[in-house]
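Me: I'd like to learn how to read side-chain contacts in a model like this one. Could you walk me through it?

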Amino acid sequence: MVAYHKHTNERCEMKRLYVSPQCRGMKLGEKLVSDILKHAKDAGFKEMVLDTIVPLQAAIHLYKKWDL
């Protein structure tokens, strides 16, 4: 599951990225990030931001692959 929230006409924020524990390790997080970035770009957004917390190291590692 993943979504984005519009901040401005050019900027949105990635929200609610979640992969259930039994599906982790299947590269589904990468697919979700790739898909949401494409969807946002197709919708006209030029920038996507997000926030997270330090304990979510797997998520941070995933986001860094896209320089988010």
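Reply: Let's start with accessibility: a residue is buried under 20% relative accessible area, exposed over 50%, and partly exposed in between (1.4 Å probe, protein chains only). Keep in mind that this is a predicted model, where local features need pLDDT of at least 70 and side-chain atom pairs count only at pLDDT 80 or more, while totals for chains, interfaces and linings use all residues. Residues are numbered from 1 along each chain as its sequence is written, and side-chain values use heavy atoms, with hydrogens and water left out.

Me: Fine. Is Asp42 buried or exposed?

Reply: Asp42 is exposed, because its relative accessible area is 57%. Asp42 also takes part in a salt bridge with Lys38, with 2.7 Å between the closest N and O atoms.

Me: What counts as a salt bridge?

Reply: The general idea is that side chains of opposite charge can pair when their charged atoms come close. The rule here asks for a side-chain nitrogen of Lys or Arg within 4 Å of a carboxyl oxygen of Asp or Glu.

Me: How many salt bridges does the structure hold?

Reply: There are 6 salt bridges. One of them pairs Asp35 with Lys31, with the closest N and O atoms 3.1 Å apart.

Me: How are Asp35 and Lys31 placed in the helix?

Reply: They sit 4 residues apart in helix α1 (residues 28-42), so about one helical turn separates Asp35 from Lys31. Helices here are DSSP runs (H or I, at least four residues), as are strands (E, at least two), numbered from the N terminus. Asp35 is partly exposed, at 37% relative accessibility. Asp42 and Lys38 are likewise 4 residues apart in helix α1, about one helical turn.

Me: Which residues do shared partners join into one network?

Reply: Lys27, Glu30 and Lys65 are joined that way by salt bridges. Within it, the side chains of Glu30 and Lys27 meet at 3.8 Å, N to O. Lys27 is exposed at 57%, whereas Glu30 is partly exposed at 23%.

Me: And how do I read aromatic pairs?

Reply: A pair of aromatic rings is described by the distance of the centres and the angle of the planes. Rings of Phe, Tyr and Trp (its six-membered ring) pair if their centres lie within 6.5 Å; planes under 30 degrees apart are stacked, over 60 edge-to-face, and the rest tilted. That rule gives 1 aromatic pair. The ring centres of Tyr4 and Phe45 are 5.3 Å apart with planes at 75°, so this pair is edge-to-face.
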